[in-house]
Amino acid sequence: MRIVLVVLLSLVTIARADGGYLSESLGGGDFVGELGDHGAGAPRVQLGVGYVRGPWAVELSLAAFMPDFGYIDCYGDECVEASRPKAGLVQVGLDLRRAYRVVYSTWTRHIGLDLFVHGGPRWFVGQDGLSGYGGPGIGGAAGAELNVKVVGMFVELGLDLVMMRDRGDQMTGRIPSVAFGVRFGWL
């Protein structure tokens, strides 16, 4: 156990401001506009990989809006509603991120509180009730992150704009969202 602790502490002390990271978040999004005609929204899980250099970062992410996440078995009349296919989405995004350090430790600038904004292009693919739909979008978010050298914990509010097609049928919508997450790496 002591060896593991020594290794972890040594990794923390060699952390630098530039490098790669992994991120994961859990939250939810609401489907608004024509997209809302197919469902009320869904829980959202996102995984990402990125590279940070100073206050700037680039991140490639994969997110899934999963309407049956945490599903509990139904009984009686509610089973009719539960049997209908729900609208699910998969989203791939490439974001440019900018962090602004607002509070930092006096003995190391790697520990502190950041405010951040990020945004970029998206590609959406419909699942379940939206099967066959797909198309481009754009999105972004703003939030706050507590960085402790190689670990960052964040909360963010986001908005994605989507335009999907299925054999000539076109649908647009907005997805306001909230997410709580963690980043691991050189932050």
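# Close-up views of buried charges and a nonpolar surface patch

**Figure 1. Surroundings of Asp95 in the predicted model.** Beyond the residues up to four places away in sequence, Asp95 touches Ala57, Val58, Glu59, His118, Gly119, Gly120 and Arg122. The structure shown is a predicted model. Asp95 lies in strand S5 and is buried, because its relative accessible area is 8%, under the 20% limit. Its side chain makes a polar contact of 2.5 Å with the side chain of His118. The Asp95 side chain also reaches a backbone atom, the nitrogen of Gly120, at 3.5 Å.

**Figure 2. The salt bridge between Arg122 and Asp95.** Arg122 and Asp95 form a salt bridge in which the closest N and O atoms are 2.4 Å apart. This pair links distant parts of the chain, with Arg122 in strand S6 (residues 111–128) and Asp95 in strand S5 (residues 87–104), 27 residues apart. Arg122 counts as buried because its relative accessibility is 7%. Asp95, at 8% relative accessibility, likewise counts as buried.

**Figure 3. The salt bridge between Arg122 and Asp160.** The side chains of Arg122 and Asp160 meet in a salt bridge with an N to O distance of 3.1 Å. Arg122 and Asp160 are both buried.

Figure 4. Arg183 pairs with Glu145 in a salt bridge whose closest N and O atoms are 2.8 Å apart. The two residues are 38 residues apart and link distant parts of the chain, Arg183 from strand S9 (residues 169–185) and Glu145 from strand S7 (residues 134–148). Arg183 counts as buried because its relative accessibility is 3%. Glu145 is also buried, with a relative accessible area of 0%. Elsewhere, salt bridges that share partners join Asp95, Arg122 and Asp160 into one network. The structure as a whole holds six salt bridges.

**Figure 5. Glu59, a buried acidic residue without a salt bridge.** Glu59 is placed in strand S4 (residues 56–65). Glu59 is buried yet has no salt bridge, and the nearest side chain of opposite charge, that of Arg183, is 5.2 Å away. The side chain of Glu59 does have a polar contact of 2.9 Å with the side chain of Tyr21. Apart from neighbours within four places in sequence, the contacts of Glu59 are Tyr21, Ser23, Gln46, Gly48, Val49, Gly50, Gly93, Leu94 and Asp95.

**Figure 6. Leu22 in strand S1.** Leu22 is located in strand S1 (residues 19–29). Leu22 counts as exposed because its relative accessibility is 51%, over the 50% limit. Setting aside residues up to four places away in sequence, Leu22 touches Gly48, Val49, Val182, Arg183 and Phe184. The C-alpha atoms of Leu22 and Tyr51 are separated by 8.9 Å, the two residues being 29 residues apart along the chain.

**Figure 7. The nonpolar patch on the surface.** Leu22, Val49, Trp56, Val58, Leu60, Leu62, Val92, Leu94, Leu96, Trp123, Val125 and Phe184 form a nonpolar patch, and together they have about 1,100 Å² of accessible area. Strands S4, S5 and S6 each supply at least two residues of this patch. The largest share, four residues, comes from S4. One of the patch residues, Leu62, is found in strand S4 and counts as partly exposed because its relative accessibility is 47%.

**Figure 8. The whole protein, for orientation.** The protein contains two helices and nine strands, which follow the pattern α-β-β-β-β-α-β-β-β-β-β along the sequence. Of its 187 residues, 36% count as buried. Among contacts with a separation of 6 or more, 62% are accounted for by residues 24 or more positions apart. The accessible surface comes to about 10,700 Å², and 67% of this surface belongs to carbon and sulfur atoms.

Terms used
Residues numbered from 1 in each chain as written. Predicted model: local features only at pLDDT ≥ 70, side-chain atom pairs only at ≥ 80, totals over all residues. Heavy atoms only, no water. Buried < 20%, exposed > 50% of the residue type's maximum accessible area, 1.4 Å probe, protein only. Lys, Arg positive; Asp, Glu negative; His and termini not counted. Salt bridge = Lys/Arg side-chain N within 4 Å of Asp/Glu carboxyl O. Polar contact = N/O pair within 3.5 Å; in protein donor to acceptor, adjacent residues only side chain to side chain. Contact = heavy atoms within 4.5 Å. Patch = residues over 30% accessible without salt bridge, like charges linked within 9 Å, V, L, I, M, F, W, Y side chains within 5 Å. Areas by Shrake-Rupley, 256 points an atom, 1.4 Å probe, with all protein chains shown as cover.
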